[in-house]
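I opened this model to look up its sheet and its helices. My entries follow.

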Amino acid sequence: MPTRTRDLTAQKRPRRARSRAISPLPPLVVSSLKPHEVDLAYSTLVCPTCRTWVPINAPHSRPKLVPHHTEKAGTDDPIRCPGSHRLVTVDVTVDQWFRRLEEGLTQTDGRRSTRVIRKPKTGAAPAVMQIVGDTVDDKTARKLNEAHIRGCSACSIRDKKGHFLRPADLTARCTDGRRLAQLAAHTKRLAPARRKAQLDREDWNDRRARGLRLVREQQWQNVSEPVADADLRRVRDTLAALIQMLNPRTADAPQLTDWERADLMSAITLLATQEEQLTR
């Protein structure tokens, strides 16, 4: 029977990382580290050099940190952390470490505030009539109520022929009818105060407009004389320029046509009238 190649060839087995290298850094003492930076249940701790979680190789014989680098996995040419192969001195047991971890959590919980912050109390929502009462006046509410009574059979008392006689009692009316009746009563009760507030508001607006008008008049009185002098000076300068254009002093000046002379005379007359009005 021929021998198969598979039976004679040894299969490749995974190897563990075994190295006699030791880091020149001093050994790490587990008791000197913080409890939350050590996990003795899984034999890992936080490397003080790169601040990453690193497993402990051979935790029961000669524990030391496994070789690791600071870059992400799969990085080309990674740089090894100087804390690789660093010796670890495990001087606490798992129970002692777990007890220290629980004590630290208890102290952290004790520093947290346990005072209950009460939520602010919310005020009662206003009624629908209070909301609508500010937007509808008493006349509109009364007309809405009357229109509903005439169109609703439950809110009115009618004869045998169906003619309207009078409104029904409030208890016998429908839901919309009761709401409209309450709205009409509410707006009627608030009508005097609303009219008074409206009159006060109109009076305040009138007094404010009167005060602004007086302020503008006073401001204009302070600047009216300089403005009048500037207007008079501008009219006189323009008038002198037009007169000089109408009667040039040099003989070589261009001669004006009859139409141009008439336009200049009209402009001079208008400016003379304005000057007379400003000098009064």
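I count two strands as paired if DSSP finds at least two bridges between them. The model is a predicted one.

I then checked how S5 is held to its partner. Strand S4 (residues 53-57) and S5 pair in the antiparallel sense over 2 bridges. In this pairing Asn57 stands opposite Lys64 of S5.

**Helix H6.** Next I looked up burial. Leu264, Ile268 and Leu271 are the buried residues of H6. Down the axis of H6 they fall within an arc of 70°, so they line one face. Exposed on the other side of H6 are Asp258, Trp259, Asp263, Leu270 and Gln277. What do the buried residues of H6 pack against? I traced them to helix H5 (175-246).

**Helix H5.** I repeated the span check here. H5 has 72 residues, and a straight helix would reach 106 Å at 1.5 Å a residue. The end C-alpha atoms of H5 are only 90 Å apart. I looked for a bend and noted a kink of about 45° at Val223, shortly before Pro226. For burial in H5, I listed residues including Gly177, Ala181, His186, Thr187, Leu232, Val235 and Leu246.

Key:
Residues numbered from 1 in each chain as written. Predicted model: local features only at pLDDT ≥ 70, side-chain atom pairs only at ≥ 80, totals over all residues. Heavy atoms only, no water. Helix = DSSP H or I, 4+ residues; strand = E, 2+ residues; numbered from the N terminus. Buried < 20%, exposed > 50% of the residue type's maximum accessible area, 1.4 Å probe, protein only. Arc of directions from axis to C-beta. Contact = heavy atoms within 4.5 Å. Expected span 1.5 Å × (residues − 1). Bend = angle between axes of the 7 residues up to and from the residue.
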